[in-house]
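Trainee: I would like to go through this structure with you and ask, for each label put on it, what the label rests on. Could we start with the terms and then set the values against them?

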Amino acid sequence: MMSNINDQVNTENRNTATLGGILTMIESIYQIADGVLDKQATHYQLEEVLEIISERATLALMDIEELKQQIIGLVDLGE
């Protein structure tokens, strides 16, 4: 089970944030959490899953901040 979760970790280049990318990341967090809740997991497995979820949530927040800066830049160009 844990190897499947680890295989899902996104390793693509993170240069440009998009709403679609952020949505995909949030959906993957949900799928991981839902998959773990559907099965009985050991304490170690739960810790590992929480670490993966935390990492993905951090990446999503970073992408949201990047997207915000892109939008601010576009607004500044339009003025």
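Mentor: Let us begin with surface: accessible areas come from the Shrake-Rupley method with a 1.4 Å probe. On that basis the accessible surface of the protein chain comes to about 5900 Å², and 59% of it belongs to carbon and sulfur atoms. Please keep in mind throughout that this is a predicted model.

Trainee: What makes up the protein chain, in helices and strands?

Mentor: There are 3 helices and 0 strands in the protein chain, and from the N terminus on the order of its elements is α-α-α. Of the 79 residues of the protein chain, 22% count as buried, and among contacts between residues at least 6 apart in sequence, 86% join residues at least 24 apart.

Trainee: How do you know that the span of helix H3 agrees with its number of residues?

Mentor: Helix H3 covers residues 43–78, which is 36 residues, and at 1.5 Å a residue these should span 52 Å; the end C-alpha atoms are 52 Å apart, so the two values agree. For H2, which has 19 residues, the reach from first C-alpha to last is 27 Å, close to the 27 Å expected at 1.5 Å a residue.

Trainee: Why are the buried residues of H2 said to line one face of the helix?

Mentor: The residues concerned are Ile-22, Met-25, Ser-28, Ile-29, Ile-32 and Val-36. Seen down the axis of H2, these buried residues fall within an arc of 120°, and therefore they line one face of the helix. The face of H2 turned away from that buried side carries the exposed residues Leu-19, Tyr-30, Gln-31 and Leu-37.

Trainee: Why is Ile-32 called buried, and what is its relative accessible area?

Mentor: Buried means under 20% relative accessible area; Ile-32 has a relative accessible area of 3%, so Ile-32 is buried. The place of Ile-32 is in helix H2.

Trainee: Is Ile-53 buried or exposed?

Mentor: Ile-53, which is found in helix H3, has a relative accessible area of 18% and therefore counts as buried. The other buried residues of H3 include Glu-48, Val-49, Ile-52, Arg-56, Ala-60, Asp-63 and Leu-67.

Trainee: Which residues make up the largest nonpolar core?

Mentor: That core has 6 residues in all, namely Ile-29, Ile-32, Val-36, Val-49, Ile-52 and Ile-53. The elements that give two or more residues to this core are helix H2 (19–37) and H3. As general background, nonpolar side chains tend to be buried together in soluble globular proteins.

Trainee: Why is Glu-55 called partly exposed?

Mentor: Partly exposed lies between the limits of under 20% for buried and over 50% for exposed; at 39% relative accessibility, Glu-55 therefore counts as partly exposed. Glu-55 is found in helix H3, and Glu-55 and Ile-29 are 26 residues apart in sequence and 9.7 Å apart in space, C-alpha to C-alpha.

Trainee: What makes Glu-65 and Lys-68 a salt bridge?

Mentor: The rule asks for a side-chain nitrogen of Lys or Arg within 4 Å of a carboxyl oxygen of Asp or Glu; the closest N and O atoms of Glu-65 and Lys-68 are 3.9 Å apart, and the pair forms a salt bridge. By this rule the count comes to 1 salt bridge.

Trainee: Where in the helix do Glu-65 and Lys-68 stand relative to one another?

Mentor: They are 3 residues apart in helix H3, so about one helical turn separates Glu-65 and Lys-68. Glu-65 is partly exposed, with a relative accessible area of 38%, and Lys-68 is partly exposed, with a relative accessible area of 44%.

Methods. Residues numbered from 1 in each chain as written. Predicted model: local features only at pLDDT ≥ 70, side-chain atom pairs only at ≥ 80, totals over all residues. Heavy atoms only, no water. Helix = DSSP H or I, 4+ residues; strand = E, 2+ residues; numbered from the N terminus. Expected span 1.5 Å × (residues − 1). Buried < 20%, exposed > 50% of the residue type's maximum accessible area, 1.4 Å probe, protein only. Core = buried A, V, L, I, M, F, W, Y, C linked by side-chain atoms within 4.5 Å. Contact = heavy atoms within 4.5 Å. Arc of directions from axis to C-beta.
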